[in-house]
Amino acid sequence: MRPKDNDTLAQSSGVNEEARKTSSKGRIRTIAATSAFAVVAVLSILFKNQVRDLFTAAKLESIYSASDRYPLAVYFYDSGSAGCTLIHTSGGDVLIDSGREKAQNNVCDLLSFLGANTLELAVLTHPDSDHIGNFSEVIEEYGADRFLTCAYSESCKSPLYGELSETLRLYDIPIEYASPGDSFSIGGAKLEVISPLKTYKASNDNSVVIRLDYGEFSALFTGDISKKVEKDILESGRNIDCDLLLAAHHGSGGSSSEEFLEAVSPEYTVIEVEESLYLPHGDAIDRLAACSCEIYRTDVSGTVAVFSDGTSGGTVVMEEFE
Ligand SMILES: [Fe+2]
């Protein structure tokens with residue numbers, strides 16, 4: 001087994017209870033960590049190394065059992081650093097980014113516990129090191145029917161991207177470049193590319209932005225785009241009103257503009273924290289809090305999982321796995 005897991009205590013922040021209760025987008029409840037988990041968390045602090053394996057097993061087992069009850073799950077994986085999101089459907093899995101290389105936790109562990117087969121779709125939003133990290137290993141262990149990234153990646157000269165390109169070549173998986181309007185149907189879920197709308201100078205701005213629709217449930221995955229791209233997306237007129245938002249660029253102050261958040265009007269926002277870049281930024285947190293969404297952070301909550309049955313007014317469950 002790989003070294004894995006951390007010992008953070010679970011708690012959510014930025015909760016606006018009133019807005020949550022009056023929401024028309026679905027009944028949503030937050031399930032707190034069980035008392036058994038709390039005991040393990042305390043033990044983790046006191047005897048960090050001794051209980052690490054036990055803690056990890058409890059966390060992953062809980063994820064596995066919850067995933068069995070809903071046809072759609074979105075995992076904002078606590079890799080220990082940066083971007084890594086897994087969409088698990090009855091028809092297969094979609095991985096959006098894979099964290100940083102040699103990060104604390106490896107998404108292969110989650111895929112293994114979920115009993116994942118070949119990925120239906122693998123998406124590298126952009127080739128920065130905090131998103132591409134474990135992709136070669138994921139491809140080697142699980143493979144992918146399709147691999148999608150931005151056209152900007154074509155010019156990337158980093159060793160990690162070179163290694164990934166070679167792995168994809170060895171496994172005979174062609175690299176596809178995302179264009180707005182590209183869509184994928186997987187297990188009853190529809191994924192649509194929203195951006196990049198053009199080629200930008202900055203790597204982050206070229207991030208593949210994807211909208212997910214599953215019945216009445218919707219989510220938006222924004223990679224590391226800045227306010228500039230958010231503005232372009234708004235001007236494109238595409239529908240970005242969603243229940244769930246992955247905050248752009250790990251909650252950077254240069255992203256999550258008021259106008260963009262107003263258009264998305266999320267009930268829930270998850271921040272895949274990038275501590276080495278001192279993200280998220282307080283300004284972005286303030287803007288997210290002002291739009292009355294619940295905010296979850298992977299450095300506080302660990303892996304954040306969202307489960308949906310996709311029915312109108314149906315159940316969406318937010319769970320935190322510390
Ligand atoms: Fe990033």
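What share of the contacts in the chain with a separation of 6 or more comes from residues 24 or more positions apart? The share is 70%.

**Figure 1. Overview of the predicted chain.** This is a predicted model. The chain holds eleven helices and 16 strands. It has 322 residues, and 51% of them count as buried. Residues 24 or more positions apart supply 70% of the contacts with a separation of 6 or more.

**Figure 2. Confidence along the chain, with residues 1–57 in view.** Mean pLDDT for the chain is 80. A value of 70 or more is reached by 75% of the residues. Over residues 1–57, pLDDT stays under 50. For this stretch the model has 81 contacts beyond four places in sequence. Where pLDDT is low, the predicted coordinates should not be read in detail.

**Figure 3. An open sheet of seven strands.** The strand order is S8-S9-S10-S11-S12-S13-S14, and the pairing is mixed. Strands S8 (183–186) and S14 (294–297) form the edges. Each has a single partner strand, so one side of each lacks a neighbour in the sheet. On average, neighbouring strands of this sheet are turned by 20° against each other, direction ignored.

**Figure 4. Strands S10 and S11 within the sheet.** S10 covers residues 209–214, and S11 covers residues 217–221. The two pair in the antiparallel sense. Five bridges join them. Leu 212 stands opposite Ala 219 of S11.

**Figure 5. Helix H8 and what it packs against.** H8 runs over residues 227–236. Its buried residues are Val 229, Glu 230 and Ile 233. These cover an arc of only 105° around the axis, so they lie on the same side of H8. They pack against strand S9 (189–195), strand S10 and helix H9 (258–264). Gly 237 follows H8, and its phi is positive, near 80°.

**Figure 6. Helix H7, with its buried and exposed residues.** H7 has twelve residues, 159–170. At 1.5 Å a residue, H7 should span 16 Å. Its end C-alpha atoms are 16 Å apart, which agrees. Tyr 161, Leu 164 and Leu 168 are the buried residues of H7. They cover an arc of only 60° around the axis, so they sit on the same side of the helix. On the other side of H7, the exposed residues are Pro 159, Gly 162, Glu 166, Arg 169 and Leu 170.

**Figure 7. The cover over H7 and the residue after the helix.** Asp 172 follows H7. The phi of Asp 172 is positive, near 60°.

**Figure 8. Cys 108 in helix H4.** H4 covers residues 107–113. Cys 108 has 18 C-beta neighbours inside 10 Å. A buried residue needs 20 or more and an exposed one has 12 or fewer, so Cys 108 counts as partly exposed. Leaving aside neighbours within four places in sequence, Cys 108 is in contact with Asn 134, Glu 137, Val 138 and Glu 141. Cys 108 and Glu 141 are 33 residues apart in sequence. In space, their C-alpha atoms are 7.9 Å apart.

Terms used
Residues are numbered from 1 along each chain as its sequence is written. This is a predicted model: local features need pLDDT of at least 70, side-chain atom pairs count only at pLDDT 80 or more; totals for chains, interfaces and linings use all residues. Helices (H or I, at least four residues) and strands (E, at least two) are DSSP runs, numbered from the N terminus. Two residues are in contact if their C-beta atoms, placed from the backbone, lie within 7 Å. Two strands pair if DSSP finds at least two bridges between them. Axes are lines fitted to C-alpha atoms, for helices over the stretch in contact, and angles run from 0 to 180 degrees between N-to-C directions. pLDDT is the predictor's confidence in each residue, from 0 to 100. The arc is that of the directions from the helix axis to the C-beta atoms. The expected span of a helix is 1.5 Å times one less than its number of residues.
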